[in-house]
Amino acid sequence: MHFKLFMFVRGYVAVDIRGNKIEAFMNAAIDSGCHIWHMNRTSPTSVRVFTDLNSFFRFKSILRQTGCTMHVHSRLGLPFLLNKMEARLFFTMGLVLFILGIYVLSQLVWRVDVEGNERISYDEIMTVAEQQGIHPFQWKFKLQEPEVLSRAFTDALPGAAWVGVEVKGTRVRIQVVEQTSPEPKPLMNPRHLVSNVDAVVTDIFVERGRPMVKPHMKVKKGDILVSGITGSEENKHVVVAEGKVRGLVWHIYNIQAPLSHQHKVYTGQSKVRQYFVIGNRALQLTGYGKLPFAASQSDSKRKTIQWRDYVLPIGWIREEIREVRIDKEDIAIKDAKVIGLTQARTDIVMKSGDNARIHDEKILHEKIEGGKVYMKVLFEVEQEISTELLIIQGE
Amino acid sequence: MRRLRKSIRNLAVTIMDLPQDLLFDMPRITMIGNVQITIENHRGLDLFSDQLLRLRFEGGALEIAGENLVIHNILKNEVYIEGTIQRVEYIKK
């Protein structure tokens, strides 16, 4: 049997055999059942062999028979190691204490982490944890099973849907999944839906309440569209009217559209000024002299020396001044009208609430005066016309 | 008597197709490249140095030449040698 671990436990020796008849010694030793391994020649008259302790004690008589001598080179394995350790008692004790210390410290809870809580406060969770015996410097073996702890947490924290407790090394992780309850509906007073504008009803959809109008009916501002009072005269019932009423509304819009357009053009001429900055003061270094441009636009870039988040108060500014020419462009009357109408349409749709749609438009009047086109346009817009009106009870 | 035994053995080998080392005490040599060699059925060590190794057999000897030869393990009839093996020679007595 030649298992390294087994041999280590039993102990073995490295022996130098010296003499002229080493082969004869070897044969005799093997014949008598000695266990020998890793044999190599170290000099013409000596061989180093490894052998176990039983065989080693049998060597003596064989050596005498073959006229060889023996010298123990090294003692290896656990028995010899223990001998050595006995000699260095305090070192050994220290080693054992160290291993023991590490083991004991690894049996403690060092950190408690809480994850996933938003509405439930950290302190609230830690109070429950304390009740369950989870706190730093607690013995791990004193803690209950994670499933039991998890159930205890879930019971103690009403806002939590599930709480997971996990012991990972010296860390306890408490993972909280909070309940998500739907947002409560705002409480509403009983109300009617009334028209907020003069219109022709196109569509009515009632969720709650009694409809008072039909499509194609003309309504005035303030007319009740959906009544919050349902039931018969004797058996009245007041509810919160809900629904959607759409109608066609007339808007008259005055448009002004200019007949010329100005825009800036870079001429390609530019001048650069460099500044050195200390704190919030800048020292101009280059680009002195009057600006040769009638109109210009400047554009500056600041560079500072910084390392990560630390910014040094020293920097550099490069300002580039570009010459600008203002070009004037004439717009044809036809185009100016189109631009003006487009702007008017988007403006109206924006102002008329969600889902507003222009149904029809008609130019009532137009004139050109002082480089501008003036127009009066009628827009027919289909839009939401209802607004709330509270029912004051006891009236 | 001895002759008879030998002829019976011969017969067994030829008829039953048995490997010869089992019946004739012949060495069985297994080599792995030129780095390992295992020899079974040896009859003792004749010579051992790190360049030359001689093993006895029934009616002969085996010489192994190489470099850094080390007997990794030795048992009564089995030896396992490591090193750089250059030559293996069978010497008949």
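Colleague: In what order do the four strands of the open sheet in chain A stand?

Modeller: This is a predicted model. In chain A, four strands form an open sheet with antiparallel pairing. Strands E10 (210–211) and E22 (386–390) of chain A have a single partner strand each and stand at the edges, so one side of each is left without a neighbour in the sheet. The order is E10-E12-E8-E22.

Colleague: Which residue is the bridge partner of A:Ser195 in E22(A)?

Modeller: Strand E8 of chain A covers residues 191–195. E8(A) pairs with E22(A) in the antiparallel sense, over five bridges. Within E22(A), the bridge partner of A:Ser195 is A:Ser386.

Colleague: How many residues of chain B are in contact with chain A?

Modeller: On the side of chain A that touches chain B, helix H2 (22–31) and strand E2 (36–43) each supply at least two residues. By class, that side of chain A has seven nonpolar, four polar and three charged residues. The contact joins 14 residues of chain A to residues of chain B numbering 14.

Colleague: Is the crossing of H2(A) and H3(A) left-handed or right-handed?

Modeller: The contact is made from H2(A) by A:Ala24, A:Phe25, A:Ala28 and A:Ala29, and from H3(A) by A:Phe59, A:Ile62, A:Leu63, A:Gln65 and A:Thr66. By class, this contact has seven nonpolar, two polar and no charged residues. The crossing of H2(A) past H3(A) is right-handed.

Colleague: What pattern does chain B follow along the sequence?

Modeller: Chain B has 93 residues, of which 20% count as buried. Among contacts in chain B with a separation of 6 or more, 30% come from residues 24 or more positions apart. The chain contains two helices and six strands. Read along the sequence, the pattern of chain B is α-α-β-β-β-β-β-β.

Conventions: Residues numbered from 1 in each chain as written. Chains lettered and ligands numbered in written order. Predicted model: local features only at pLDDT ≥ 70, side-chain atom pairs only at ≥ 80, totals over all residues. Contact = placed C-beta atoms within 7 Å. Nonpolar A, V, L, I, M, F, W, Y, C, P; charged D, E, K, R; others polar. Pairing = 2+ DSSP bridges. Buried ≥ 20, exposed ≤ 12 C-beta atoms within 10 Å, placed from the backbone. Left-handed = near helix turned anticlockwise from the far one by under 90°.
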